[in-house]
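Please open the structure in your viewer and keep the selection tool at hand.

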Amino acid sequence: MKKLNFIFAALLGMGLNYSQAQTPKGSVLIKNATVLTVTKGNLENADVLVQDGIIKQVGQNLSAPSGVQTIDASGKYLMPGIIDAHSHVALDVVNEASAPIVAEVRMKDMVNPYEIGIYRALAGGVTISHAMHGSANVVGGQNATLKHRWGSTDPADIIMQDAPRTIKFALGENPTRVHGRGNNIQPRTRMGVEAVLRNGFNEALQYKKSWESYNAAKGQKGNTVAPPVFNERLQTLAEILDGKIIIHCHSYRADEIYMLINVAKDFGITKLVFQHTNEGFKVAPEIAEYTMGASVFADWWAYKMEVYYSTAFNAAILQKNGVITSINSDSAELIRHLYHEAAKTQRYGGLTDEEALSMITINPAKQLGIDDKVGSIEVGKQADLVIFEGHPLSSYAVPQMTFVDGVKYFDIKADKDDQRQFVSATEMVEPVYLHTEEDHQCLQDVDAYFEAFQGAFLDEKH
């Protein structure tokens, strides 16, 4: 028996070692850089020592322990790894559009570590992304926070296992179009969106109560009460009510943003982040008081009706009103230059370097609940770092090296020249239309437009 226990323990130990080997931790000394800590000011000609994936020292004239590589970053800038609070990189499918509430589905179950977008993001200095469910549902699926460990073959290896759980909500046109106009079920209007939320949470409260009653009774002598039927959808909603899951909500208009704030207050929900938030500037004090902040576009709007009223000053107005504000991409292309997007807040709002850089580092970290681990250069934090040629907020800035947990995953000089040209096997290719009969181009691509939006106005009364 002792021999069997010994063998089992050995196998278990091998399994643990294998698991640890899947997420390598690096050691490196980066010297003579201008270190942009984000939270502790800027340090000129400073060094950062990383050991086993953790920042151990920040200062000057540091020496590398035996066997630790030294990188001379003279004339360059070192900043924390960029964090994208709204992304779909490494996801092959993002919408479970079968019902208004699908809280039971999880993005971590279909993460694709081979997605070339991970490497392209690293080339833009992005070390962490928030892989989100789509916006077809009022309550969508659970998201996954990813560490961009390019080259990993196990999906679990690029998931940030110590990050809090998050879930996607969506308001406005998307769920009303998919379910109301698409399937003729609630919600068909913005009022219906609120009703779906309140009905769902009330049902979750009843579900919680049934389990509480059962747990209280099962220990009593002679008890014959059967347990309630487990329902993962309602269980997830109950865990939102208990503060175990952070809501990240797709939203545009001020009225719907304020509506969800009121719903959250009524149900005692405090862990709420708004995404997109184009009209957030109209209700900035309310967002600052009642939520964990807003993750916005720098200057995207007018691509559909509910986003026509916006301003490039949105991020700055939110920031000045005390909102934890981040700049996100929601795009496999935009994610590569989020540092440029952050710089736009200086043109539209006059934010300082620290305020602008916070919007792509410590602020999204706070919104994801990981600011104790990443988002700034501080001793004890995980060593997600980027070396820039030129200040990151300059239009001439170019990332040189990107590190995740102290491991270098991008090097502009050492990587293969054609690395970023690899094509994703699941990337959508737009259809090509050939027109041979018409000599003019006045209706060019109109057929593609109507095919894309053919269901948008079905059954509408004008």
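What follows is a short walk through some of the salt bridges.

This is a predicted model, in which local features need pLDDT of at least 70 and side-chain atom pairs count only at pLDDT 80 or more, while totals for chains, interfaces and linings use all residues. Residues are numbered from 1 along each chain as its sequence is written, and side-chain values use heavy atoms, with hydrogens and water left out.

The structure holds 24 salt bridges, each being a side-chain nitrogen of Lys or Arg within 4 Å of a carboxyl oxygen of Asp or Glu.

Select Arg149 and Asp405 to begin with: their side chains form a salt bridge at 2.8 Å, N to O. Arg149 sits in the loop between strand S9 (144–147) and strand S10 (165–170), and Asp405 in the loop between strand S16 (398–404) and strand S17 (407–411), so this pair ties together parts that are 256 residues apart in sequence. Strands here are DSSP runs of E with at least two residues, numbered from the N terminus. Both Arg149 and Asp405 are buried, where buried means under 20% relative accessible area, exposed over 50%, and partly exposed in between (1.4 Å probe, protein chains only).

Next, select Glu279 and Lys282, a salt bridge whose closest N and O atoms are 3.1 Å apart. Glu279 is buried at 8% relative accessible area, whereas Lys282 is partly exposed at 41%.

Then move to Glu378 and Lys381, where the closest N and O atoms of the salt bridge are 3.5 Å apart. Here Glu378 is partly exposed, with 21% relative accessibility, and Lys381 is buried, with 6%.

Technical notes. Helices (H or I, at least four residues) and strands (E, at least two) are DSSP runs, numbered from the N terminus.
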